[in-house]
There are 4 protein chains.
Amino acid sequence: MANAYNAIQGRSLERLAALSDGIFAVAMTLLVLDIHIPSAEHVHSEVELLHSLGGLAPQWIAYLMSFLTLGIFWAGQQTQLNHLREGSRDLAWIHLGFLFTITLMPLTTRLLAEFIQFRLALVLYWINVLLPGAMLYWSWKHVMKHGLVKEDTPVDVRGAICRRVLIAQSLYAVGAALCVFNNYVSIAFIVLVQLNYAIAPRIGKRLG
Amino acid sequence: MANAYNAIQGRSLERLAALSDGIFAVAMTLLVLDIHIPSAEHVHSEVELLHSLGGLAPQWIAYLMSFLTLGIFWAGQQTQLNHLREGSRDLAWIHLGFLFTITLMPLTTRLLAEFIQFRLALVLYWINVLLPGAMLYWSWKHVMKHGLVKEDTPVDVRGAICRRVLIAQSLYAVGAALCVFNNYVSIAFIVLVQLNYAIAPRIGKRLG
Amino acid sequence: MANAYNAIQGRSLERLAALSDGIFAVAMTLLVLDIHIPSAEHVHSEVELLHSLGGLAPQWIAYLMSFLTLGIFWAGQQTQLNHLREGSRDLAWIHLGFLFTITLMPLTTRLLAEFIQFRLALVLYWINVLLPGAMLYWSWKHVMKHGLVKEDTPVDVRGAICRRVLIAQSLYAVGAALCVFNNYVSIAFIVLVQLNYAIAPRIGKRLG
Amino acid sequence: MANAYNAIQGRSLERLAALSDGIFAVAMTLLVLDIHIPSAEHVHSEVELLHSLGGLAPQWIAYLMSFLTLGIFWAGQQTQLNHLREGSRDLAWIHLGFLFTITLMPLTTRLLAEFIQFRLALVLYWINVLLPGAMLYWSWKHVMKHGLVKEDTPVDVRGAICRRVLIAQSLYAVGAALCVFNNYVSIAFIVLVQLNYAIAPRIGKRLG
């Protein structure tokens, strides 16, 4: 009976995609809720307002970095789902795990913005970049093993998806390790890696 | 006239699925909003930060459990909708009732995190697990009775969906009853049942 | 040029439906954010917790009523969109106006919960029920006039949609007028009308 | 390898549309969260409630203007996507940039509502209207250059989309410049331009 039920459960790739888009949309929009603008009572001139907005720099940095992170994982998950022939119950739960780590992103972002010089905050943030990557890696291994990939997916693409995750995650790990020097060095490195994946595929050709 | 209108109202399964995905996405992402990280004013070292994050344990537990609950009900509802030939006005309202209980989940989660040792909080949380299950049970009885199920749905699947709800809800009720000993025992039991449904279908084969 | 542009702008019914589902999903889930559970500092026993949850009665009532309102308008808008052959730029803006009034619903709900005995709060809430109804009425008049309705839509359905809005809104207006006696009488009447539309279509046959 | 991966990444227009609808839906609904209704403790009569709601005028104005802004950009993006034959990795990132500026809208709206007489708040708001326009302009130039436009798109439409953005943005810039006189003049002008695009296409024919 459980067999019969599991065989039919959670197989809709469309529903999975729609839930994912919803969660990414909410997470991306919630990030900005955590930027606390000054209240009118404490700000008496335009210059003061400019200064207090500038004082929110850690929040702006964390916000920008997290939006990039979410965009990269959204594009990465989409690329996988686009190449699937069908879904499965186990795949749905792997992706629910992936989405769980995505919902944590506003939390670790807030933590990093509040404690931008604490290594613990940076390491927790990095774990929140590592986990969705690990879930996507697991997801692709799973669909390869269970033959869920569309037949017209070229062989070099099949391998490229896993390599891509491994190389990107290695670079993020190097970035996180740089916090032994300084959190800002670490963040700058991670953002550069992200921008490379997002907007500079030409440089990306050499890095992977 | 009302007949004519009711015959045409609310029949789109696509719209119902999209609304459901949206509500699940928002509810899953809002859960994390209730985890209140400490503010920088009260935390002066990395060790203090680690301690205060550890002190949020009830919130982490409630968050994880609720994400699992939402994932299970999302997969359960999806399984039903995937097997429907068409929707109906009454079905739309049964599922709006189901979604109403889903929107309550962030509230009962917050309540449980705040009062994790109060039996009342646990019982209210359990009611919030019972109600969506009851709505899904009602939904399946309704579509069976009114012939809304796709014709290619195997007979054993038709029965499996209701049995699945009954067995899972019995286990949750046992879990909730364990609060006569201790809320943590109760929560641990419920999370184990959930993990069984989510990630361990092989063990699940024996339990149902 | 503007002509050329307006002819092609905003015509996708799918996008309109998806935006609507998103807005309804967020509004339905946000309602519950406004129910403020007591904090553990002020509650020292299970009985006290039960009492303070009971003290939130106005919030529970407003929450339930607003969920019903949103469900009714979601079903009503869906019914219209399901019967459209194609969209248009003007229709998109009529529905953006409709969605604007939907986004106001969490606000007027909060207002009613906070000031449940003030007639002003009730009248503002009623205006927030009247406005989406008026927009849906306008929307249907618009699609009838511009021939956007699917050709297979029966003639009696075409008229039923407008009559439905008029009768429901008349009943809501009667309900709102009852606040000259007491806000609770008013709310009870409105909720009964809503429940009639949602769960008791058999009685509804007689009322409209 | 990166080539192979980039060729397949992020090409689903459906996913891009769904993410966009989600972000617009959340942003539109969040706007209203920033309208802080008075609490019952400080309001003792219906007249007082009316006065304090009236005192929120800057928030109402900012809310209405931002909903119009979001509606205009939603319709504008939709118009582009409706005319695309296929997506691409670069296009997905241009639109993620566009969506990034959309998620900033609740923030700059809150800023403008809080500091409605500060030119800095108005200029930042205007930048938040300029940036999504610039991204949409870039997006259309990109799809024209890379042949992603559907073949049946009329030639006059192809040009109209870019001209539309340029004319609208010029008018917004004029509106923003009016803040050298007074922020309210500036806001009134911008809202008039928006209403022209939203509800008065007949006048719009002359303006462009």
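A note before starting: residues are numbered from 1 along each chain as its sequence is written, while chains are lettered from A and ligands numbered from 1 in the order in which they are written. In this predicted model, local features need pLDDT of at least 70 and side-chain atom pairs count only at pLDDT 80 or more, but totals for chains, interfaces and linings use all residues.

**Exercise 1.** Work out which elements of chain A give two or more residues to the side that touches chain B.

Step 1: Count the contacts. 35 residues of chain A are in contact with 37 residues of chain B; "in contact" is used here for two residues whose C-beta atoms, placed from the backbone, lie within 7 Å.

Step 2: Sort them by element. The list is α1 (2-8), α2 (13-30), α5 (89-114) and α6 (119-145) of chain A. Helices are DSSP runs of H or I with at least four residues, strands are runs of E with at least two, and numbering goes from the N terminus.

Step 3: Pick the top giver. That's α5(A), with 12 residues.

Step 4: Split by class. This side of chain A has 23 nonpolar, seven polar and five charged residues. Nonpolar covers Ala, Val, Leu, Ile, Met, Phe, Trp, Tyr, Cys and Pro, charged covers Asp, Glu, Lys and Arg, and the others, Gly among them, are polar.

**Exercise 2.** Find how chain A is related to chain B.

Step 1: Superpose them, by least squares on the C-alpha atoms of residues with pLDDT of at least 70 in both.

Step 2: Read off the symmetry. The two copies are therefore related as by a four-fold rotation axis.

Step 3: Look by the axis. In chain A, the nearest C-alpha belongs to A:Gly22, 4.0 Å away from the axis.

Step 4: Compare surfaces. The copies use different ones, as 9% of the contact residues of chain A recur in chain B.

**Exercise 3.** Describe how α2(A) packs on α5(A).

Step 1: Take the geometry. Their angle is about 10°, and the axes are 9 Å apart. Axes are lines fitted to C-alpha atoms, for helices over the stretch in contact, and angles run from 0 to 180 degrees between N-to-C directions.

Step 2: Name the arrangement. α2(A) is therefore roughly parallel to α5(A), a label for angles under 35 degrees.

Step 3: Find the partners. Residues of α2(A) including A:Leu16 and A:Phe24 meet residues of α5(A), among them A:His95 and A:Met105.

Note on methods:
Angles under 35 degrees count as roughly parallel, over 145 as roughly antiparallel, 65 to 115 as roughly perpendicular and the rest as oblique.
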